[in-house]
Amino acid sequence: MLHKNYIAGEWLEGAGVSPNINPSDTSDVVGEYAQADVVQVDAAVDAAHAAFAGWSRTSPQERHDILLRASTEILTRREELARLLAREEGKTLLEATYEVGRAGQIFDFFAGEALRIPGEKFASVRPNVEIEATREPVGVIGVIAPWNFPIAIPAWKIAPALSYGNAVVFKPADLVPGSAHALAEILVRAGVPKGVFNLVMGRGSVVGQAILDHSQIDAVTFTGSVATGRRVAAACAGAMRKFQLEMGGKNPLVVLADADLANAVECAVNGAYFATGQRCTASSRIIVEESIYKQFADALIERIRALVVDNALTPGTHVGPVVDAAQLEQDLSYISVGQAEGAKLALGGERLKRATPGFYLAPALFLDAENSMRISREEIFGPVSAMIAARNYDHALELANDTEFGLCAGICTTSLKRAAHFKRHAEAGMVMVNLPTAGIDYHAPFGGRKASSLGPREQGRYASEFYTTVKTAYTLP
Ligand code: UN1
């Protein structure tokens with residue numbers, strides 16, 4: 001069966017068709033998915049633009065009810081949607097189940113936010129004048145999502161967009177159209193009116209570009225690579241439209257000598273290797289105080305050896321395959337780069353064979369890495385991490401901040417003083433103390449600094465900054 005685009009309230013075939021391949025088993029085709037062309041994207045944006053006026057004036061109760069229905073269906077079908085997600089993306093069934101749950105919770109949260117759109121009243125400096133600041137929807141939001149969270153990231157972009165009264169043109173990542181298509185069906189069943197939500201599947205170079213080129217897109221929310229983010233920013237600046245970018249990371253996890261070592265090992269393993277290391281919040285630099293470097297490395301290596309790398313759908317798998325051949329190529333090339341740079345590959349980094357043909361990579365750990373090496377500076381986006389030695393806390397902090405990125409920074413320590421200092425001085429949008437750098441709550445602000453993020457925060461109440469525009473009204477009654 002062909003999975004179609006959803007444009008102006010109709011399910012439509014595209015200009016082409018693309019197979020959705022299971023990275024755990026490349027002989028398994030998840031489905032055939034329509035590919036939109038420029039004409040279809042234009043039609044979707046036009047439909048969203050036309051539908052916006054009516055939708056922006058709906059009662060918050062109506063938007064609340066639609067989003068709540070979507071949440072309920074996502075949560076009710078959690079197991080089935082998790083299977084689809086794990087099958088198309090390759091994260092384990094358990095990880096996929098958490099992700100689908102998170103998407104359901106996000107829709108629930110933003111159902112409520114429709115009823116809590118904030119406003120403020122000011123006393124004027126002029127007699128009798130009243131001033132109020134209110135928030136209005138922005139218009140048509142272009143949603144460009146990455147492949148590593150096939151349902152949660154679309155959810156945390158689409159739910160606030162709709163909650164605050166915007167119309168949406170959604171382009172999922174080409175590699176994972178299945179979860180996106182299922183989400184579109186859920187939104188249609190939940191009662192989103194024609195034109196308010198549109199799904200256009202296909203390649204970034206065609207569909208993403210057509211979204212950027214359309215004059216009636218009012219704002220773009222993007223998660224993906226720095227290189228593409230730069231193009232999105234340039235296009236949006238030229239068109240004088242709002243944008244929000246979430247890009248790469250090279251997140252440090254600092255482990256101090258006073259840390260609870262068992263917990264620190266769990267933080268490192270979770271942050272570096274769960275979800276196959278394919279998270280912008282992954283811990284790709286593990287910065288360890290010299291005095292415990294060897295002890296920590298030994299414990300970490302032992303823990304990594306116990307990780308089961310296998311088919312995402314097989315019970316007991318801890319680490320699924322890499323998402324596709326191109327990503328695997330990139331990961332392998334960084335293994336060679338690290339070795340050539342003089343870091344010591346302690347384990348992993350080789351392709352693995354399993355019962356089903358897939359892109360399996362043994363989780364890799366480099367020891368004796370320098371922060372100046374490419375493996376410590378460039379985002380690899382795979383199950384590859386590098387351990388760097390620090391002389392002391394101050395040196396660890398300096399290394400942690402010496403990066404072009406600034407998404408998340410973690411520290412494992414039992415010192416309240418150092419934890420507090422790190423929270424204040426880490427140059428990152430998010431700081432984790434005794435927790436993995438990856439894995440975030442759905443109702444708190446999410447985002448980074450430097451090359452990791454640009455524009456307002458995502459998620460929670462902070463999402464209103466991007467998905468609404470402020471109006472200041474002055475009245476002399
Ligand atoms: C998480 O760590 O739970 O693309 C979320 C990413 C991020 C989301 C990370 N935007 O990996």
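This is a predicted model: local features need pLDDT of at least 70, side-chain atom pairs count only at pLDDT 80 or more; totals for chains, interfaces and linings use all residues.
The chain is assigned two domains: domain 1 covers 2-247 + 452-475, and domain 2 covers 252-433. Their C-alpha centres sit 31 Å apart, and about 2000 Å² is buried between them.

**How the domains meet**
- On the contact itself, domain 1 puts in 24 residues and domain 2 puts in 28 residues.
- Of the roughly 2000 Å² buried between domain 1 and domain 2, 60% falls on carbon and sulfur atoms.
- Over on domain 1, the residues giving up the most area to domain 2 are S24, W147 and S452, which together account for 25% of what that side buries.
- What holds the polar side of things? Between domain 1 and domain 2 there are 10 residue pairs in polar contact, counting pairs with both residues at pLDDT 80 or more.

**The domain 1 face**
- β5 (25-35), α3 (78-89) and α4 (93-113) each bring at least two residues to the side of domain 1 that touches domain 2.
- α3 makes the largest contribution to that side, with 4 residues.
- By residue class, the side of domain 1 that touches domain 2 splits into 8 nonpolar, 8 polar and 8 charged.

**The ligand site**
- T281 gets to the ligand through its side chain, where an N or O atom is 2.6 Å from a ligand oxygen.
- G439 works through its backbone instead: a polar backbone atom there is 2.8 Å from an oxygen atom of the ligand.
- I440 also uses its backbone, with an N or O atom 3.4 Å from an oxygen atom of the ligand.

**Salt bridges**
- Across the whole structure, the search turns up 17 salt bridges.
- One to look at pairs the side chains of D28 and R87, at 2.7 Å from N to O.
- D28 belongs to strand β5 and R87 to helix α3, so this pair links parts of the chain that are 59 residues apart in sequence.
- Both of those elements, β5 and α3, also supply residues to the side of domain 1 that touches domain 2.

Definitions and conventions. Residues are numbered from 1 along each chain as its sequence is written. Side-chain values use heavy atoms; hydrogens and water are left out. Domain bounds come from an automatic or database domain assignment. Contact means heavy atoms within 4.5 Å. Buried area is the accessible area (1.4 Å probe) that two parts lose on being put together, summed over both. A polar contact is a pair of N or O atoms within 3.5 Å; within protein, one must be able to donate a hydrogen and the other to accept it, and residues adjacent in sequence count only if both atoms are side-chain atoms. Ala, Val, Leu, Ile, Met, Phe, Trp, Tyr, Cys and Pro count as nonpolar, Asp, Glu, Lys and Arg as charged, and the others, Gly among them, as polar. A salt bridge is a side-chain nitrogen of Lys or Arg within 4 Å of a carboxyl oxygen of Asp or Glu.
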